[in-house]
Amino acid sequence: MTFVETHTGRNDLPTRDFSWMVDASAKRFRIHTQAYVGEDVYKAELERIFERTWTYVAHESEIPTPNEYVTSYIGDQPVIAVRDREGVVRVLINRCVHRGAALCREAKGKTRAFICPYHGWSYDTSGKLVGITDRNIAGGYDEDFDAPEGLYRVPKVDIYRGFIFANLDPDAGPLLDHLGRARDIIDLKLNMSPVGEIRLVSKPYSVRYKGNWKFQAENIVDQYHFLFVHSPFSKLQTKYGESTGDFGVHKAGKSHAERRNTRYHGDTYGCSQGHGLAFQPESDPENLKQGHFAEHFARLSEKYDEEMLCRIGGKCAAAIFPNLGMIHHQIRTWRPLGPDLTEVTVYPYELVGLDDELNAGMLRSQERFYGPSGYGMPDDVDIFSQNTEGLRGRAVEWLILERGIGSDVETENGDFRGLPASEACQRGLWRKWASAMKGIEQ
Amino acid sequence: MMATMSLSDVTAAASAFLFQEAKLLDDARIRDWHALYTDDCHYWVPIDETRPATECAAIINDNALALEERIYHLLETTFAAQTPKSRTLHFITNVFIDPASGDGATVVHSNQLIFELRTGDYRQVGLGELRPIPTSMTHELVRAGDSFKIRSKTIRIIDRDMPQSNLTFLL
Ligand code: FES
Ligand SMILES: [Fe+2]
């Protein structure tokens, strides 16, 4: 038994085509209710999406030195992301290959070996089996025992600018192909740092909601809802502005029309890999010469031209298929726990090389909007429960995702560029979903 | 004046004050509750109270102005997470005065078990679920006339570094 066993397919559900749940044509884009609530759909998603797509598992700054690890999940499968003794990042299934006990019971730590609490088998941090207890005693193992090499290594692991991705599909294509245009968002976010790096320092926020994971994936790049769900926040913004810690992140606008102009600006993309991306570059470079970050942008302007500076200094957000979000100064992941239960974790990051004051300021800004007591995120997750409640009304079969469909433009690489007020981002997710959920050819 | 009181008298006075504070919360008398706080107050729900705020986010980290904003948000805006509103009930035990309390302030520790319930149509997803929130709290009380004001309130939820659901009401 080698580190990576050949996939026998015995775990697979019978082939079933779910792609009809996305009813898409030139003018039509509708999603069937079952795509959000079906137990069978959910199980198929775990196998056909989460186990065959590059998923985000951890960030390198969480395991900076050899023998440090964090636990994570690929879909619903528990993994350990560990930097081994040689410094190589491995992603291992958190399961003793003897009789299945979980090895790591802490979410984070440093160890020279993983020792199974059940019968004491031990593994080094590369996953190699280094000890079988009482191996040769009578009633132990024979000389020719077919001992496993070690823990199951997720066959594909790759890192993009510190983001560790893994893929359970040994035949998966390169990570960079999967990221595609989503790299632009990661680059813009990280290039805010003078050295182009981020670090996860704060404890994350974590919330669970009663709803499907795709609600979160759709919502993080949904400009449309902001003006409605978050209008109470805009009211706070109008009254309190910068004084309570916004740190220049949100611009209010007194009327709905004014707020609409701020919000509906820039480009959005629905990518062929399932990502939704929103770019809102700063429209007036003069604005970068004011505010908390003025000096910082002055320094960055030695490195980037004005157009790029406006892109870095503006706003952007991404839903990177299937489980990674980027917005504000945070990495967000979502973990499906069932068709109607999802865990969202928000990791505020520090920009390496930035003044402590600015990093602390961004932390206060995120405190105000995110987390279970913030003025934004709890409303989103409450809406997700409301969606779950509403979708019980299954007499209504289809949800409508046609906003702005006529303004989508297909780009040379198969992504669709849309207007910011449209649902182009969400359509990207569902196009990919439909192709992944077609069913596995046998 | 506190200096002249016995420890059991101070404990009794502080307990009575905590009960009064909790009653205002449970009766949704939000402005009266807010009036218990000093002008330099801190209302804090940490994720990790051992880490400095410069490097670790909190669930809530309100100075006096931010708390004012929170009250405004609750009373003057309509937002999804409190539509319909939560109902709470506080149960307070294990009250004791921190021996390190100085002259200026009385530091009171308590355990508070808060039950929370979203009102509205209880048959719907996300509403009508009775939720226990076990906490340990620290109040820093300063004398105001013959009662107290709250200079700081720290609320350590037992699972503060684990997934939470809606905490958009006052704890
Ligand atoms: S299950 Fe791990 S040693 Fe037996
Ligand atoms: Fe939102």
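1. **Ground rules.** Residues count from 1 along each chain as its sequence is written, chains are lettered from A and ligands numbered from 1 in the order in which they are written. Since this is a predicted model, local features need pLDDT of at least 70 and side-chain atom pairs count only at pLDDT 80 or more, while totals for chains, interfaces and linings use all residues; side-chain values use heavy atoms, with hydrogens and water left out.

2. **Helix against helix.** Axes here are lines fitted to C-alpha atoms, for helices over the stretch in contact, with angles from 0 to 180 degrees between N-to-C directions. Helices are DSSP runs of H or I, at least four residues, and strands are runs of E, at least two, numbered from the N terminus.

3. **Who touches whom.** From α7(A) come Lys235(A), Leu236(A), Lys239(A) and Tyr240(A); α3(B) brings Leu65(B), Glu68(B), Glu69(B), Tyr72(B), His73(B) and Glu76(B). Contact means heavy atoms within 4.5 Å.

4. **A three-stranded sheet in chain A.** The order is β8-β9-β10, an open sheet with antiparallel pairing; strands pair if DSSP finds at least two bridges between them. β8 (113-115) and β10 (129-131) of chain A are the edge strands, each with a single partner, so one side of each has no neighbour in the sheet. Twist averages 35° from one strand to the next. Three bridges tie β8(A) to β9(A), residues 122-124, and Ala113(A) has Asp124(A) as its bridge partner in β9(A).

5. **A loop residue.** Asp142(A) sits in the loop between β10 and β11 (156-160) of chain A. Asp142(A) is exposed, at 56% relative accessible area (buried is under 20%, exposed over 50%, partly exposed in between, using a 1.4 Å probe and protein chains only). C-alpha to C-alpha, Asp142(A) and Phe226(A) are 65 Å apart in space, and 84 residues apart in sequence.

6. **β4 of chain B.** Ten of the 13 residues of this strand (106-118) are buried, so β4(B) is largely enclosed by the rest of the structure. Ten bridges join β3(B), residues 86-97, to β4(B), running antiparallel, with Thr88(B) opposite Glu116(B). Eleven bridges link β4(B) to β5(B), residues 131-144, also antiparallel, and Ile114(B) has Ile133(B) as its bridge partner in β5(B).
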